[in-house]
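Me: I would like to learn to read this model feature by feature. Please give the general idea each time, then the case at hand.

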Amino acid sequence: MKVLLTGSTGYIGRRLNQRLIKNKDIDLRLYVRNRRTLSKNLPSDVEVVEGDTFNKEKLKEALKDVDIAYYLVHSLSRSDYKNLDKESAQNFLDIAHECNVKRIIYLGGLGVKNDQTSEHLLSRIETGEVLSSNKDIQTIWIRAGVIIGSGSTSFEIIRNLTEKLPIMTTPKWVSTKAEPIAVDDVLNYLEQSIYLKETKNLIVDIGCEQLTYKEMMLQTAKALDLKRIIIPLPFLSINVSSYWLNLFTPVQFKVAKALIEGLKSEVIIQNDNAKKYFPNIKPIPYIKAVKKAIKEIKTNQVISRWSDTDNSGKIWDKDHDKEIADAIFYDRKEEFINNLSKEQVFKSFTSIGGKDGWFTFDFLWEIRGVIDKMLGGVGLKRGRKNQYNLSIGESLDFWKVVDIKENERLLLYAQMKVPGTAWLEFKIEDNKLIQSAYFYPKGLFGRIYWYGLIPIHYLVFNSMIKSILKKAERF
């Protein structure tokens, strides 16, 4: 059985990919924007096609001879995501029909269409409707609400609010009902959808128990052995709530606003098809899902995070080395590594960020992170997936890993709010560590920004390269 997995570098897709690779019943093909974002340990028998859902020729190549195709694609990071999602789904459906695909499996969101439905939820529903619109292809439409797992958007929001705020004054949306579900249970439904005997289209709503967002936060506090007081206030607007989430959680303002708008509506199960068609799957309780997610975070076993995917194309469509060569400003430091091995130095500079900080002047990085959050950026709260390993595509505080070569190079692309484009590079050449900050300014303000930071750069970057080598001595 030939199976195509789209979105295999996303939050759900990366985890489902790991499962399907182990499934001996299927011949797996992955459709990705950039193959370098895939795991280095990908088995040689897994076929990879590069492209996106707006490239019909590449879609034909990806869907050729496929029996079942997973559609795990969305464009929330784009401002025009609603129209793009519909166009993407229609392209996928048309080419799947042309290639005689038998079944499409789609993961969407719980919710119903009414006047209160947010644009984000409406887009997920409309995508499902498009994918279900061709009578010659069966669509299994799995609908989940709040997904609880290490690195999921929903869980990171709930966990961060619960950990950081002993007393919370919250908007009235905390009384909205939802039906959360553990990420492993979502994966169970998706994987077992391959084997369903039904031939008609199915909408399968999944969840573990009905809870308000207030109840979820209180249960999360219990799982963390914390006591929390939640005081709902009726007058907090969507914008205020979005800024509130932006400041206290890893989610940036644009994403927070889209999610907050969705909290006006209940996201609860509308059918019993999960029990009817998947009787062997028994979703675990919410608090058990929370404890499992916390354990994964504490033991560095996070497989995927919501922030490690870029659906906009802004990252992977760029030739960063060419752009770096065109950068107008740069700050370069060099130090001999002397008796240190390349392995030691590489391990040191790839441990940057997250809980271990930025080697030196961490308080300045923290201030920059707070400023970024106040401007609606991502800030430093995203951290990193694993403190000891990095991979291309991974978020690292307010940077994105765009290139990494073992014992040679790490290139980070800035995702903080800056009046231009910025990169930070660490490179080992001969017997030297070369640390470079590059900046391509946007207009006059971009130039003022760079010149204004020269004194801070002098302090931070001079100290940073020395601290990297000092830390390398411990490896």
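**Reading the model**

Reply: Buried means under 20% relative accessible area, exposed over 50%, and partly exposed in between (1.4 Å probe, protein chains only). This is a predicted model: local features need pLDDT of at least 70, side-chain atom pairs count only at pLDDT 80 or more, and totals for chains, interfaces and linings use all residues. Residues are numbered from 1 along each chain as its sequence is written, and side-chain values use heavy atoms, with hydrogens and water left out.

Me: What share of the 475 residues is buried? And how many helices and strands are there?

Reply: Buried residues make up 57% of the protein chain. Helices (H or I, at least four residues) and strands (E, at least two) are DSSP runs, numbered from the N terminus. The protein chain has 15 helices and 19 strands.

Me: Where do R368 and D372 lie?

Reply: An α-helix has 3.6 residues a turn, so residues three or four places apart point the same way. Now the case. R368 and D372 are four residues apart in helix α14 (residues 362-374), about one turn. They form a salt bridge, with the closest N and O atoms 3.9 Å apart. R368 is buried at 17%; D372 is buried too, at 0% relative accessibility.

Me: Which residues do salt bridges with shared partners join into one network?

Reply: D403 and K405 meet through their side chains at 2.8 Å, N to O. D403 counts as buried at 5%, whereas K405 counts as partly exposed at 33%. Shared partners then join D321, D403, K405, R409 and E425 into one network.

Me: Next, sheets. What is the strand order in the open sheet of six strands?

Reply: Two strands pair if DSSP finds at least two bridges between them. The order is β14-β19-β18-β17-β16-β15, and the pairing is antiparallel. The edges are β14 (329-336) and β15 (395-396); each has a single partner strand, so one side of each lacks a neighbour in the sheet. β15 pairs with β16 (residues 399-405) over two bridges, in the antiparallel sense. There, L396 stands opposite W399 of β16.

Me: How do I read a helix face? Which residues of α7 are buried?

Reply: List the buried residues, then look down the axis. In α7 (residues 213-223) they are Y213, M216, M217, T220, A221 and A223. They fall within an arc of 160°, taken over the directions from the helix axis to the C-beta atoms, so they line one face of α7. They pack against α5 (153-164), β8 (167-170), β9 (177-178), β12 (211-212), β13 (229-232) and α11 (286-298). Just after α7, D225 takes a positive phi of about 60°.

Me: Is N160 buried or exposed?

Reply: N160 lies in α5 and counts as buried, at 5% relative accessibility. A polar atom of the N160 side chain lies 2.7 Å from the backbone oxygen of E156. Along the chain, N160 and K381 are 221 residues apart, yet their C-alpha atoms are separated by 9.3 Å.

Me: What share of the contacts with a separation of 6 or more joins residues 24 or more positions apart?

Reply: Contact means heavy atoms within 4.5 Å. In the protein chain, the share is 73%.

Definitions and conventions:
A salt bridge is a side-chain nitrogen of Lys or Arg within 4 Å of a carboxyl oxygen of Asp or Glu. A polar contact is a pair of N or O atoms within 3.5 Å; within protein, one must be able to donate a hydrogen and the other to accept it, and residues adjacent in sequence count only if both atoms are side-chain atoms.
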